[in-house]
Structures are given as C-alpha cells and as structure tokens.
Amino acid sequence: MAEMSENRPAEASNLRSLKNAVSLLVLIFCFLAFPLFIIFSALNNLYQVKIGNLRQQKLDQMHGRLEYLEKYSNNGRYLHFLLLRLAENAEKAAVPADFLKAAFVNLHQRYPGDFEFIAWDAKGGVIRELTDQKGFSYILARLYEVLRDVSEAVSNDSQVDISNIRSVSKNLNLVRQFLGKIFIPEYLKKPYLQGNDAGPLLTDFAGRFSSVWYRMGNRISFFCFISEKLMKNSSGLLKIADSLNSRQDGIISGFSISPDFSLPANQVDERFMPALSLALSQFENVSEPVFENDQALVCMSMPEPGLRTFCLHPKEPAQWSVELNRDMVFVRVSVLLFAFYLFLYIYFRFKQQFFSISWKLTGLFLFANLAPLSILGFIAHDYLINRKQALRNEIASDLSKLMRDFDMRYASLKYDFAREITSKIEKVAAAGMNGSLSSAEIAAIKGAMREFVPSDAYMIASGGMVFADHLAGEKDKSDFNFIEPMGQAILQFCNGTILKRNKEDMFSAIMSPEDSDFVRKIYRDQRQVIPLNMANIKKLSYWHIFGDRRNYQNNYFLILFWDEDRFQELYINRYFESLQANSFGAPLFARKIDGKKTWAPAGAFPVELARQMERTTGFRENLIGSVIIADQPHLFVGLKGRSLNFNLLAALYADSRLDARIAALRFRIMTGAFLSLLLTLIIGQALSRQFLTPIRNLAQATLAIGAHNFAHRIPVVDEDEFGHLNQVFNRVIEGLGELEVAKIVQESLFPGNNFAAGRFSIYGRSVVMTTLGGDYYDCLQINKDHWGLVIGDVAGHGVPAGLMMAMAKASVLMAPENEKMDAAVLTSRLHRMFFAIKNDRLKRMMTFQYYVLRPADGHFSFANAGHCFPVVVKPAEKSAELIEHIATPLGIGPRARYKNFEFTIAPGESLLLYTDGIAEAKNSEGEEFGYERLRQLCLDAWDRDPETYYRRIFAAYEQWSARPDDDLTIIVVNHDA
C-alpha cells in the first residue's frame, strides 16, 4: 500500500507532463507548423504563376521584336523606309535642295558607290548639282513625266493599271533602255505601296545598279539607282538590331546569316554566346522557335531562307528562380511570424492588457477559419489570373468570329444590290419592258442608278448608245468603246438575230451559237452582280435587258460597273454601323490596305491603331495583341479580309473592362470570404455572450467611464464574485463623478480671459491636461491706479494639486490691500502658509510670481518664487529678453527670502508670463522646446492683439509637442501704443 501511495504522485506528474507535451505539440502544429506549410505552398504556387506570367510577357516582347526585325530583314525594305523618310523631311525643309544635298553626301559617305541620284525641282527641271547622271536631258525629262503621272495615278488608286497611263505606254521603250532590261511598268507602283509590298523595284540583273526607287513631291522630287550589293547585304538589319539593343530593356536582338547560323552577325556579349549558339543550332535541327535554359530565354525566326533572327533575354536568378524567391520570402515571413508570437508572449506575460474573453474566444474561431480561407485565397488568386487570360482569349476569339462573319457576308451585298437595282428599274421603267422608254423614264433610270454609286453606267439601244456615265471619273471614255457594239450584239442575239462570224467584229464570234458560253451567261447572270473579266475590264458588273424576252422584243441593254475595292467600300459604308451593335460593346474599325480610307465608330481613327493594323497585312490569320489608345491598354484583334481583300478590320476591347469583370469576380469571392468570417464572428460572439454577460457589463461600465457617463451603474444580480466586483465598479464610478464635479469647481476659480487695465490689454488662459490641474493665474484690480497679476504652478496633477491651487487663490484674494501692493510681502505670506501645511503626506511645492502693475506709466514690480522667468518683448528693437529674477518655490524652507524686481514696459512692448509646460515640451525625437526657442517664438509670433499673440504661441506649442502631458498657462500683457 505504501508503494502504491508513493507511485501515484509520480504517475500523476508523468501524466501532467504528457498532457503538457501533447498540448505544446498541438499548439505548435496549429499556430506554427500548419500556417507555415500553407504559406510555403502558397508562395511556391504564387511564384510559379508570377514567373510564368513574366516568361509570357518576355515572349510577347520578343515576338514583337522579331516581327520588327522581319520587317527589315530585306535590305530593300530598310532602304525604302530610309529614303521615304528622307523624301518627307525634304518636303518639309525650308530649302529642300539644300537638305537633299546634305542627305546625298551622307549616303554617299555611308554607302560609297551604292547610290546614284537624279533630282528635279517643282517644275520638273533637273537639279544638276544633285544629279549624278550627267547628260541625258531628254531622257530625264521623259522619265520625270512618267514618274509624275504614275505617282498621281497610284496616289488616287493603288490598283490602277500602269500600262493604261498614256505617258508610260508612250515612253516605255525609252524608259526601259535607261532603267534596265527587265524593267516592268507595273512595278513602278512599288515605292508607293503599303506594308510589305513597298520597296525598290528591280530593273536589271547584270548592271552595277540593279534596283531603283523614287518619290515625287510638290516642292522637290528625286530618283535613285541602288546597287545590287547594297540590296543583298544586311546593313539595314544590322542598324535596326543595334537600335533595338540601345533601348537597354534586357532584350538582346540580332541575326545570323548563312552558312554558319550558330554565330550572330552582330555583336553579342560573350557571356550569352553559349546559350545563343545552342539555341540557334537547335533551331536548325528541330525548328523549335523558343529555347530556354537556366541562363537565357531565346526566341528565333526565319524571315528568309538564308537569314535567322533572334531575341535573347538573360535570366537573372533573383528574378527568374521560383525556389530562390519562394525561400527568401518564406524565411522573412517565418521570422516575422516568430517575432509576432514572441511579441504576443512578452506582451501578455509582462503587461496586463485588457482583452475581453468574448473577443479572445472569437479570435480563436477566426484563426481556425483563416487557415482554410488562406488556402482558398491562393487558389482563387491563381484562378483569377488564369480566368483573365482565358477571358481575354474568349473575347479575342469571339471578336475574330464577328469580323470573319462580317467579311464573309460581303457576298450578300451583291444579292442585295441586284435585288434593289432590279426593283428600282421595274418601278421606274415598267413601260420599257414592252416598248420604248421616254426621255423622262431614261432620266429616272439614270438617276436611280446613281444611288448605287457605280463607276460606270451604260444604256444601249439597238440604234446606239442612250447614255454613258463615268461617275467615278477613273477612266477615259475611249477605254469603253467596245461596250456599245457589245450591247447591240447582245440585243440582236436576244431578239433572235443569228450573228455570223466576222473577222472584223469580235462580238459576232462571241454571240455565235457555236460559242455559247457567253450566251448562257446572259440568261443565267442577268440581274445579278457578278465579276466581269473582258479585255482590260476587271470589274463587278450588273446587266439588265429591257423588253419581252419570250417574244424576242428586247429594246435596251443596261450595264453597270464597279471597281472591286469601291464595291467593298459600299458594303462597309452600308453595314458598318450595324457592326458596332455587337454584344461585346467593342468598337470595330475598318481601313483600306493603302490607308486612304478609314471607318471609325466615333471620332478620329487612332494613330496607334493604324500602326497596329499595318502589321495585320503580314498575317494570314487574325492578329491578336495589345495596343495603347489614349494612354489606356486595349486588346487588339486585327483581320485582313478574305472577301474584303482590299480592307483590314480591327476590334478593340479595353483592358479596363476585362479588369472590371475580373474585379467583379474577385469581389464575389472576397464577399464570400467576408461572409464566412462574419459568420464565424457572429457564432463566436453568440457563444461567448451566453457565458460572459457579467464581463460584458464590466466592459460597458469601462466604456461609460471613458465617455464620462458617471451616472452609469452596473446591475448587481448575484452575490457572487462578479456581484462583488460590480459593487466595487459602481463605487469607483461614483468617485470619478465626484472628481468631475471638482474639475468644474476648479475651472470656476479661473478668471476670464480678456482684461483691460488702462492702456494695457491682457489675455490669459490655462489648458489642463488632466482632470484636475495645478496651474493658477489671476488678474485683479488692487485700486484705481494699480493691478495685480498672478501666475503659479503646483507640482503634479490631480486632487492635491487642485487643492493647493485653490488655497493659493484664496490667500491672494483675502490678502489686505497693503500686502497686495507689495509683491514680496504677498509672496512671503503664501510661503508661510504652504510651509505651515507641509507634512509627510503633502510634500508638493508650488512656483509662484506676483506682479504689481501701474498702468499709468507701465511700471511693474514683481516677486518670483522659483517660477519661469518672464519675457519682455520689444518688437521695434526685434528683441525678446528673459528677466532672470531668482528665488526658491513656495514652502521649501522655513525662511522667506523674496525681493521685488522693478521694470517698465514701454508702449508697443509686451510681457509674457507662462508655466514650464511649454519650455519642457518634447517633440517626437525627445528634444525639448527650450527657453531659447521660446524667446525667439515670442518675438516671431508677436501681435498687437494679445489673444492672437497667444494663439500663435499655443499653435507652435501644439505643432512641436508630440504628446502634451503637462498643464500650460500663458498670460500675454500688451502695452498698447
């Protein structure tokens, strides 16, 4: 039994140790291990997503660079843009010839032997000093005429047939002999084309100069021969690569050429050569356009068979390493978490701080809920990032489909136009179906056709041409001389006349039954808009035969022509507004490839959008990217039309709208999390209130004390520990209420703020920092010729200080007049009184000053009992001096040793009395305001109005003091001038 009794305490001790160890392990797991695991997993996932986004961002930037390099991969394209900018700047220059002269000299120096120039003035005269080709005056004049006519024609219509220009056909042989053996007239359009189609034109193979380029201006024009060597080298691409690399944005751009594609043609830092060579070699072997390792990210492309372009971005570990970034942040978070727990332990272990049990329980509930919410939060973060990208892709796909549908519906305009034209004709010319049309009906038909804006409209009768309208003014009438005989031949055939073949009449062969394809088309395609390729005509056409076909009585043949690009314009004009009414609310834009016409939903066509749309010409499918419009990023979707092959389409979707949709989704997720926390809070509070009502009553009593509601009482329901505690609280509240009354009584002891003693204006005020203060000031009239000023400061705060202040006031007021007239005598009286009441329980001292003022002449006499030295301010002399009159505070020793000190305040001067609260005030760095700074403040803040003077000083005190904790009393005495 004895052994069992001895073992029980040991077993109990071991059990307690085991419970404590388990409790400690549970706490470590719940408050340390589990949160750190969540943080580690979240950081790992966060940096994987972040670096993945960084990788995609860099890839997008590098793809953009590669497109730019590809644009200049052909040196002819680079030279085109170089010469184009030179021509544009010459047109703007004050003296174009001088500008071109300097530019030509520069080009000859940079590319010796690779250029020869010809220049003409505004009237077409050759500028000899700018022309390398000497002689050839006649040829140069004819060349100017040809190039001028071509530039005008191409500027008006990029699809114009160059061979139909009279000056070209007239001077073709002469120009070919001068420019080169393989010169093709149609290529004269190349310097004026847009996008990838623009550039110099090839004119010879064997000669020194293989290509030419020109630009005709209003003030000056020039033409240049370009050597084959310059056209084939990569000098332009090298300059573009150097220009891109000068941006210093971390991306290295360059190119390599055959036969060794693994070595870049431009200068690349040796540090990156291993990764770059490996990437280029891999690109040659497996055609993989993206290479990545721990050192670099490389993108590559093949714009031409013998050329490879690349962009390389070095990967800094601090920016690209998931592990490094994750571990660095995890260590910081772990340290902060340990520090936070250590702070909580020390705070609650050594400092008694009030936290209601209700909120402690609620805090535990919230912590338990925060762990799963944190996991869900990181999952939601990844979801929102991926959702934004997915939403962007969905919108881009839908906008592409919308534009593709608009492009494919272009064919519907042909049916709509055909139906509308036929309807108009049948309404206007019903009589002409069986007989002749009147001149009014013909005019009506002619006017109705104008509504459909054809380039040419013809009506032919068996007797000849009824009317021929060239509405667009594109062609000369002679170009369509065959329309009349063709129309008459068609009418004869439709009226049953069998045409015989005639070598001189080509239409007799076309209409012959032996060759019936054209005949079948007449019947099949009549009253439809269809392409017509005949002779030099490549247009859309509509033809209509008036009369009774069944009875072979056809009287008129109507045919309309449209240029394909013009017909596409009509389609866009008609349906462009309906395109804006899309479910996405996205503005859509259209632009001709040559840029001569644009369509915008409202306002001007953005310049940034025009530049982005130019890139679309180089893509077979839609181009998706980003563009900045009016400082706002937008999703850009561009499309080169298939049916609308002369036009480009684009759609914009503001990133802010994407962000708004993601923000709405984020708001819903955060609202759910907030509601979860709120529910946890409600449950925690509901449970705690069931058991903690007495503590809540104590909390309410504490709040009542803070709000100075001393009438509040805690209901005492039970005679338990809480009941006794409630009784003690009620007595404390009652005592605080009595103390509040004491404060009101003390405030009544102070006099007013403003006083007038003869020509003296006096303002005094005391600011108490606690319930009861120890500062005292007074202003009293002794007799008709004298006034008394009093200021004092009892050490400390609270009831003892307030009582001593009241005793001092009573002693001053009750003193006889003869003592009030002698400052030293009155001060000695107060000293004896304070020394008499001094004991072990009341050891407080008081500093004191008493002044006797004679307003008639500004004479002062005062005694000082250890109080702060007064300040005499003389604004006229810009001086402020302390009167250093020294003595001990009241009640310090048994003997009173106070003497009077006399001085005079002249008109316009001031006296400042104060307590030590202002001189000893400290700022946030612990520095005291000090007496020297106070002396300067008295001078700087001076004002003839004593109240304004006081407010300026007090404002400076408030600005300086980090935490006012001492009473402050200031008396301003101004001798009015």
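**Briefing on a predicted protein model**

The secondary structure of this protein comes to 26 helices and 29 strands, and the model from which these elements are taken is a predicted one. Of the 977 residues in the protein, 45% are buried, and the accessible surface comes to about 51,000 Å², with 55% of that area belonging to carbon and sulfur atoms. Among contacts between residues at least 6 apart in sequence, 61% join residues that are at least 24 apart.

**Confidence**

- The mean pLDDT of the protein is 80, and 81% of its residues reach a value of 70 or more.
- Over residues 474–478 the pLDDT stays under 50, and for this stretch the model has eight contacts beyond four places in sequence.
- Where pLDDT is low, the predicted coordinates should not be read in detail.

**A nonpolar surface patch**

- Leu15, Leu18, Val22 and Val26 form a nonpolar patch on the surface, and together these residues have about 350 Å² of accessible area.
- Leu18, one of the residues of this patch, lies in helix H1, which covers residues 2–71.
- Leu18 counts as exposed because its relative accessible area is 51%, and the cut-off for that class is over 50%.

- Phe567 belongs to helix H17, which spans residues 564–580, and the residue counts as buried because its relative accessibility is 0%, where the cut-off is under 20%.
- Leaving aside neighbours within four places in sequence, Phe567 is in contact with Tyr410, Leu413, Lys414, Phe417, Val529, Leu540 and Trp562.
- Phe567 and Pro454 are separated by 113 residues in sequence, while their C-alpha atoms are 8.3 Å apart in space.
- His831 is found in helix H24, which runs over residues 823–837, and the residue counts as buried, since its relative accessibility is 1%.
- Not counting residues up to four places away in sequence, His831 touches Pro889, Leu890, Gly891, Ile892, Gly893, Pro894, Arg895, Ala896 and Tyr898.

- Strand S28, made up of residues 910–914, is mostly covered, with five of its five residues buried.
- Ser910, Leu912 and Tyr914 point one way from S28, whereas Leu911 and Leu913 point the other way, and all of these residues are buried.
- Strand S25, covering residues 871–874, runs antiparallel to S28 and is joined to it by three bridges; within this pairing, Ser910 of S28 is the bridge partner of Val873.
- S28 also pairs with strand S29, residues 968–975, in the antiparallel sense over five bridges, and here Ser910 stands opposite Asn974 of S29.
- Ser910 therefore has a bridge partner in Val873 and also stands opposite Asn974, while itself being buried under the cut-off of 20% relative accessible area.

**A five-stranded open sheet**

- Five strands form an open sheet with antiparallel pairing, in the order S15-S14-S18-S17-S16.
- The edges of this sheet are strand S15 (598–599) and strand S16 (623–629), each of which pairs on one side only.
- Inside the order given above, strand S17 (residues 632–640) and strand S18 (residues 647–654) pair in the antiparallel sense over seven bridges, and Val637 has Ala651 in S18 as its bridge partner.

Notes. Residues numbered from 1 in each chain as written. Predicted model: local features only at pLDDT ≥ 70, side-chain atom pairs only at ≥ 80, totals over all residues. Heavy atoms only, no water. Patch = residues over 30% accessible without salt bridge, like charges linked within 9 Å, V, L, I, M, F, W, Y side chains within 5 Å. Areas by Shrake-Rupley, 256 points an atom, 1.4 Å probe, with all protein chains shown as cover. Salt bridge = Lys/Arg side-chain N within 4 Å of Asp/Glu carboxyl O. Helix = DSSP H or I, 4+ residues; strand = E, 2+ residues; numbered from the N terminus. Buried < 20%, exposed > 50% of the residue type's maximum accessible area, 1.4 Å probe, protein only. Contact = heavy atoms within 4.5 Å. pLDDT = per-residue confidence, 0-100. Pairing = 2+ DSSP bridges.
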